[in-house]
Amino acid sequence: MRADRDTLLRLAERCEAATGSDRRLDAEIACAIRHRDLRPAEPGNHAKFQTPGYPPRAGDIWTPSGFLMAPIYTASLDEALTLVPEGHAISLHIDADGSVFAGVALDNGVGCEGASPCGATPALSICAAALRARAATAGDAGEGAERLRLTIARHVGVMRGRANGSGQEQRRHVLRQVEEFLFAAAAEKGAG
Amino acid sequence: MRAKAPDRATLLALADRCEQATGPDRELDGAIATSLGWTDVHGSVLRADFQGGRPPGVIDWWDHVPRFTASLDAARTISEWVLLHASDIGADGLALVELGNPTTTPTGLVRGVGYGGGQHALVLALCAAALRALAAEASAP
């Protein structure tokens with residue numbers, strides 16, 4: 001069973017709002033993507049088997065027989081990249097002011113299904129873009145296309161505003177690249 | 001602190017090897033580690049900067065040398081230059097990584113390209129760029 005689009009988008013927004021790695025968020029992402037039958041652990045879970053003073057930690061996932069540790073998606077580039085859907089490529093760019101944006105595109109270079117213009121770290125930004133890419137392909141295709149178009153318009157507007165502010169040619173080039181991905185994806189979705 | 005300043009030519013040669021690699025390579029990991037100051041001692045390795053208040057210790061080579069060519073997180077520890085751009089398809093379909101020197105103005109820039117393709121190309125591109133960053137530092141006055 002696939003995670004629903006709203007859940008994925010909410011998680012993407014939380015990644016974009018986060019200021020650093022977050023183990024609870026890791027657990028929620030893992031439950032949305034990999035372990036749909038499980039849920040993030042709560043302090044009282046499996047209480048009678050707990051060692052006193054050692055409740056489940058924020059990154060633990062409840063299972064019927066104990067706990068799993070969630071991968072460190074929000075802290076590790078390696079783990080964050082495992083969220084990128086099969087057959088997709090990533091593009092990551094970091095501004096002089098430290099702000100990060102990431103795009104997740106079909107690796108044939110003619111589509112982009114997720115973009116995140118405001119992650120605090122590269123790992124968070126890739127998480128957000130990958131979750132948006134997964135959200136774009138979840139659920140009804142027609143409705144998804146319209147939502148994607150709106151999301152893209154918002155993201156491109158934000159990115160264009162930043163590019164004008166900095167005036168760096170390299171950055172504008174990357175933005176153009178991402179824009180092309182985004183608009184091609186919108187056209188493709190619309191045609192579909 | 002590293003035991004010795006890495007040799008510029010060695011670092012550039014290692015960067016080229018990373019770009020030519022087709023996937024993770026432990027031998028290359030070992031060569032990178034050596035250039036960073038890890039020292040081979042009778043089949044094990046004494047890491048020169050592994051003191052941190054503790055006495056220096058002999059640690060096993062293959063268990064402890066980071067998997068630079070397999071992990072972006074490990075590859076990022078090679079150099080302190082900041083990641084500016086990374087793309088699976090940034091260099092005409094090849095993986096591209098660009099690092100900037102945070103201490104210079106205008107920002108120094110080095111590039112690494114992953115020619116190997118596949119999921120490890122980005123890691124190899126980052127290794128190459130990071131080694132070129134070290135080489136740039138080694139050649140600085």
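Modeller: Helices (H or I, at least four residues) and strands (E, at least two) are DSSP runs, numbered from the N terminus. Residues are numbered from 1 along each chain as its sequence is written, and chains are lettered from A and ligands numbered from 1 in the order in which they are written. This is a predicted model, in which local features need pLDDT of at least 70 and side-chain atom pairs count only at pLDDT 80 or more, while totals for chains, interfaces and linings use all residues; side-chain values use heavy atoms, with hydrogens and water left out.

Leaving aside residues up to four places away in sequence, B:G108 touches B:W81, B:L99, B:G100 and B:N101. B:Q119, by comparison, stands eleven residues from B:G108 along the chain, and the C-alpha atoms of the two are separated by 28 Å.

A salt bridge is a side-chain nitrogen of Lys or Arg within 4 Å of a carboxyl oxygen of Asp or Glu. B:E98 and B:R111 form such a bridge, with their closest N and O atoms 2.4 Å apart. This pair links distant parts of the chain, for B:E98 belongs to strand β5 (residues 94–100) and B:R111 to strand β6 (residues 109–114), 13 residues apart. A residue is called buried under 20% relative accessible area, exposed over 50% and partly exposed in between (1.4 Å probe, protein chains only). B:E98 is buried because its relative accessible area is 3%, whereas B:R111, at 46%, is partly exposed.

Elsewhere in chain B, a salt bridge joins B:D29 to B:R26, at 2.9 Å from N to O. Here both partners lie in helix α2 (residues 26–35), three residues apart, which is about one turn of the helix. B:D29 has a relative accessibility of 1% and therefore counts as buried.

Chain B contains five helices and six strands, and they follow one another along the sequence in the pattern α-α-β-β-β-α-α-β-β-β-α. Of its 141 residues, 45% count as buried. Among contacts in chain B between residues at least 6 apart in sequence, 53% join residues at least 24 apart.

Of the 192 residues in chain A, 49% count as buried.

A:L68 has a relative accessibility of 35% and so counts as partly exposed. Not counting residues up to four places away in sequence, A:L68 touches A:H35, A:L38, A:G59, A:D60, A:I61 and A:T63. One of these, A:D60, forms a salt bridge with A:R57, where the closest N and O atoms are 4.0 Å apart. A:D60 is buried at 7% relative accessibility, while A:R57 is exposed at 54%.

The search for salt bridges finds ten in the whole structure, over all chains.

Finally, the cysteines may be considered. A disulfide is a covalent bond between the sulfur atoms of two cysteines, and a pair counts here if the sulfur atoms are within 2.5 Å. Over all chains, the structure holds zero disulfides. A:C15 is in none, and its nearest cysteine sulfur, that of A:C127, is 4.8 Å away. A:C15 counts as buried, at 0% relative accessibility. B:C127 is likewise in no disulfide, with the sulfur of B:C18 the nearest at 4.7 Å. B:C127 too has 0% relative accessibility and therefore counts as buried.

Conventions: Contact = heavy atoms within 4.5 Å.
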